[in-house]
Amino acid sequence: MEPILKARNLVKRYGRVVALDHCDFDLHEGEILAVIGDNGAGKSTLIKAISGAVTPDEGKIWLEGKEVKFHSPLDGRHAGIETVYQTLAMSPALSITDNMFMGRELRKPGFRGSVLRQLDHKAMEAFAREKLSELGLMTIQNINQAVETLSGGQRQGVAVARAAAFGSKVIILDEPTAALGVKESRRVLELILDVRSRGIPIILISHNMPHVFEVADRIHIHRLGKRLCVINPKDYTMSDAVAFMTGAKEPPQQAVAA
Amino acid sequence: MKSLTTLKTALFAAAALGVMASAPVYAASHSVGACLITKTDTNPFFVKMKEGAEAKAAELGVSLKSYAGKVDGDHETQVAAIETCIADGAKGILLTASDTSSIVSAVQQARDAGLLVIALDTPLEPIDSADATFATDNFLAGELIGKWAAATLGDEAANAKIAMLDLAVSQPSVGVLRDQGFLTGFGIDVKDPGKWGDEDDPRIVGNDVTAGNEEGGRRAMENLLAKDPMINVVYTINEPAAAGAYEALKAIGRENDVLIVSVDGGCPGVANVKDGVIGATSQQYPLLMASKGIEAIAAWAKDGTKPVPTEGKDFFDTGVALVTDKPAEGVESISVAEGMDKCWG
Amino acid sequence: MSNTQEFEKAAATSPTAVAAFTTHDRSAVKQIQHVLHQSPWMVPLIVLIGSILVFGLLLGQKFFSPFALTLILQQVQIVGILGAAQSLVILTAGIDLSVGAIMVLSSVVMGLFSFRYGLPTELAVAAGIACGTFCGFINGFLVAVMKLPPFIVTLGMWQIVLATNFLYSANETIRAQDIAEQAPLLQFFGNKIAFGGAVFTFGAIFMVLLVLFLAYVLKQTAWGRHVYAVGDDPEAAELSGVQVKRTLISVYMLSGLICAFAGWALIGRIGSVSPTSGQLGNIESITAVVIGGISLFGGRGSIMGMLFGALIVGVFSLGLRLLGADAQWTYLLIGVLIIAAVSVDQWIRKVSV
């Protein structure tokens, strides 16, 4: 089966430092692919190259079989790759609706929209409410409350809902549980599984091994600027993964080929 | 051989001096240096002063450098300017001080360094802190318009309602002198002549401050009109403030039954007298102050003579004249046409 | 090894709703804090109404007359218009120290194009407006593209524009009488509508309409939402798809444009074209913005608050003058209001914690 997102031979250098060294990457339909690696292994450069935040010096990327070239995160987003950054990229003083629609607001139909440029607050609120409910995020109340009045888990939830709401093809989650407590992490993990059940493939970057092993279908292990191997979490233990990651143990041959 | 050594020594000395302060050597060897330090370089009054100084300096071969504060009241910049002039080896300084008492120590420094310091337009406190003061008699300027207003009103002067549009809440001396002069001329007891606002004559509706510009003049007039809409005499610190006050009166349709008087004699101000916006204004002569000042510095540099004050006053009076086309009996005045010839800005 | 760790089992028994929104019982103070968080213009409105009532009680008819109340509107019109420009910039977490200078330069351009070059007044007004907008563009370009801090950029522009103004105008005033005779269009904003004792100048009406228009734009258009987002967190805005640079440049250009209109209104207000006026425009407009509850850190506050802030200053100055108080009391009280306003802002921001 052709991967929905494929990258081959990506190279990115920062001066004399090689952050990506002929790296390959595959994401299949409907899966959760975790990306793990030691600090400085080049994970984040890889993710940035895929989302458009960084333009690789060499190599090619295909989305749904078509080659794509991104020059900014906006390009990636227009192509259907949504990223939920660790910082969440939300404006704390603005409402949930404002944040969900930031940069892609809906205008009222007819004269009021085209000439007066008036926003269709009602439609946007209804849409936001619907999307949050779909993901079980709305036991409800004020969709217009400022994001800063939400808890960390709620914010993460809104950010994920925003990423999933606009017909995206791929969602990248950068350390979604890093800043959260135990309970809230659990809910966010459930949310991730929920998004996958809607058929959207997810790239999950995380340092939290238990979380990775719990939700990931496959694990991409990154080492020294390239893909070391891809393993199935059912076949290996967390200590194996950590050993591969740090170079303490040689990766299995068939996993490298995958 | 001896002369060569002397020359060498002189050269060495000059070089050493040059390293420390090259300017004085330059100034001393080529021409007399003078400094003009004004409150701002935006007020047409000071612009005219600068023009007068420059023209006279060119005529006498004095090299003039001009400095100015950023805004009225900018004391620091003026102190820095005095220090620069001392370092520059100038022979004299013409100064319109923003802060007349605080500047005294800097002025003393300059005098100790052998510079002639002449206060222009604004006397220092105390007045003898400067070697000489070339100024308008601001009290007399106020008195002239006060007398004119009283004479023009005639018997009605007893029932006048007067608005006093002053300069600033800090009560700078120029403003106080004009204000108190006006009241004295009008025949009102000024109590302490050292400050305005302490009078209790019921004819005074109130004092407000204008910052000496149109905006402030209009606002102050509006404020006082809100207090008493039947004001019929308006004293203004200068002509821009008068123009602002006129706008406020026009807005309520009373511009024709109020007497506005002012001080300055700038060209737009005199034109406003001609158009009936201002009834009468006391004209002063900044150009004369500056050119006399440059002459004094040139004389000082030549043979050390200091300028002498006008007889009976503690400063050199550069004169003031009342400009109006409606002369009043007992008050000497010049016509608008004559005022136009002598106006500045 | 099991998929779920021991300590996480506790979580499984906890409520299953994901990231639910819950209402807590809030104390009255908390509720007020919440209301203010949602409507930051409430504080200045309350202070405004309160101060009008207090001065009304103290002064009676003298203050509570249509004449005096509309006079306040006239007296704050320039600061109000400049404050509208300042609000936009401050909402993006910037500051514009050059507003007053741009205003004066624009008015001087309008005056000199009419009188020095003898151009038709319409053209001169257009040139003045273009001049203000261009100054705003330079500010915006330096802030957005060169990434220089707004404080520094506009501090520099303030000096540059002011010096240009004095050099270009040669400090010469154009008299009201000449303007009324030859180029009355320049005094357009000085026209007035009066009924009863109330007097509304076009300038005051313009100020109110401008603020209402901007309130609409900020609330109801995508551009307006982007202004808030950029001020709140520019990186987040960029990542969520806002064209940050374009938004910033447009904000500074609009600010310059509004300043030019302020310059036109200034001619209407003082009758003449005076290069020395408007020197405190930047400080006064920032004061109105801050008292109006707009956060200097950007992204929070409403432009209506700025209008109330400007009116508060106007009410205090006129009220205190009518009471016969020394003008210094006005400055003192305004200083207190500024600090109080910023304290309230800080308190409101803590609502999320």
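Here is a friendly walk through this structure, chain by chain and contact by contact.

The model is predicted, so local features need pLDDT of at least 70 and side-chain atom pairs count only at pLDDT 80 or more, while totals for chains, interfaces and linings use all residues. Residues are numbered from 1 along each chain as its sequence is written, and chains are lettered from A and ligands numbered from 1 in the order in which they are written.

Let us start with chain B. Its C-alpha atoms fill a box of roughly 90 × 35 × 35 Å along the principal axes. The secondary structure comes to 11 helices and 12 strands; helices (H or I, at least four residues) and strands (E, at least two) are DSSP runs, numbered from the N terminus. Of the 345 residues of chain B, 56% count as buried. A residue is buried if 20 or more other C-beta atoms lie within 10 Å of its own, exposed if 12 or fewer, and partly exposed in between, with C-beta atoms placed from the backbone.

The domain assignment divides chain B into domain 1 (16-136 + 287-308) and domain 2 (138-284 + 320-342); such bounds come from an automatic or database domain assignment. Taken over C-alpha atoms, the centres of these two domains of chain B are separated by 31 Å. Where they meet, 7 residues from domain 1 and 8 residues from domain 2 take part in the contact. Two residues are in contact if their C-beta atoms, placed from the backbone, lie within 7 Å. The UniProt record, in an unreviewed entry, lists residues 36-302 of chain B for "domain: Periplasmic binding protein"; UniProt positions are given in the numbering used here, feature names are shortened, and annotations may be inferred rather than shown by experiment. That span is 46% helix and 18% strand, and its end C-alpha atoms lie 19 Å apart.

One helix of chain B deserves a look. Helix H10 (residues 286-303) has 18 residues and reaches 26 Å from its first C-alpha to its last, close to the 26 Å expected at 1.5 Å a residue; the expected span is 1.5 Å times one less than the number of residues. Among the buried residues of H10(B) are B:Leu287, B:Ile294 and B:Trp300. After H10(B) comes B:Gly304, whose phi is positive, near 75°.

Now for the way the chains meet. Of the 2 pairs of chains in contact, chains A and C share the most contacts. No contact joins chain A and chain B, whose closest C-alpha atoms lie 37 Å apart. The contact between chain B and chain C takes 27 residues from each of these chains. On the side of chain B that touches chain C, H7(B) gives the largest share, 8 residues.

Which residues have the most contacts inside the largest nonpolar core? They are A:Leu204 and B:Ile93, in a core of 289 residues. A nonpolar core is a set of buried Ala, Val, Leu, Ile, Met, Phe, Trp, Tyr and Cys residues joined through C-beta atoms within 7 Å. Helix H12 (residues 244-270) of chain C gives the most to this core, with 17 residues. Both domain 1 and domain 2 of chain B give residues to the core, so it lies between them. Leaving aside neighbours within four places in sequence, A:Leu204 is in contact with residues including A:Ile32, A:Leu173 and A:Val215.

Finally, turn to C:Phe64, in the loop between helix H3 (42-59) and helix H4 (66-91) of chain C. C:Phe64 counts as partly exposed because it has 14 C-beta neighbours inside 10 Å.
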